[in-house]
Amino acid sequence: MKRTQGLFFNVGELLEGRVDQKEVSLSTMLPPHDSDVQLKGPITGEVRFIPTDVGVLGTFEVEASLELPCSRDGEMFLETLDLSFRQEYRRDPDDDAAPLFPDHTVDIAPVLWDEIIINIP
């Protein structure tokens, strides 16, 4: 698993059983993405991580503001997306899971970008 510029959180306490959940408040810019989508501000919201038998599960409640071109006249407009989803992180990820790195960190940036892109109107 190759690590790139991302938005990493350590979930070691969950994996070791020292805590039963980890809540993170977000108000941060995402690292750049290889799409044409441009964020017009920080990603804001909450992420809650809980342990599972094979890793951790992240529950996301976030908001993202984008600047998009109108399909009729090409004028740019501001669109706010309210995103609510779950993502599993595993040491041995499959098609549905994201990687849980050996140092007990997860990168939420690729997951957030995926959700933003598939939810563009």
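Thr59 counts as buried because its relative accessibility is 17%, and a residue is buried when that value is under 20%. The model described here is predicted.

- When residues up to four places away in sequence are set aside, Leu66 touches Val37, Gln38, Leu39, Lys40, Phe77, Leu78, Glu79, Leu81, Ile116 and Ile120.
- Val37, one of these partners, is 29 residues from Leu66 along the chain, and the two C-alpha atoms are separated by 7.3 Å.

**The largest nonpolar core**
- This core comprises 31 residues, and Phe49, Tyr89, Ile108 and Ile116 have the most contacts inside it.
- Two or more residues are given to the core by each of strand S2 (22-28), strand S4 (43-51), S5, strand S6 (76-90) and helix H2 (109-118).
- In soluble globular proteins, nonpolar side chains tend to be buried together.

**Contacts of Tyr89**
- Not counting residues up to four places away in sequence, the residues that Tyr89 touches include Phe49 and Ile108, both listed with Tyr89 among the core residues with the most contacts.
- Tyr89 also touches Val54, Gly55, Val56, Phe60, Ala98, Pro99, Leu100, Val106, Asp107 and Val111.

Definitions and conventions: Residues are numbered from 1 along each chain as its sequence is written. This is a predicted model: local features need pLDDT of at least 70, side-chain atom pairs count only at pLDDT 80 or more; totals for chains, interfaces and linings use all residues. Side-chain values use heavy atoms; hydrogens and water are left out. Buried means under 20% relative accessible area, exposed over 50%, partly exposed in between (1.4 Å probe, protein chains only). Contact means heavy atoms within 4.5 Å. A nonpolar core is a set of buried Ala, Val, Leu, Ile, Met, Phe, Trp, Tyr and Cys residues joined through side-chain atoms within 4.5 Å. Helices (H or I, at least four residues) and strands (E, at least two) are DSSP runs, numbered from the N terminus.
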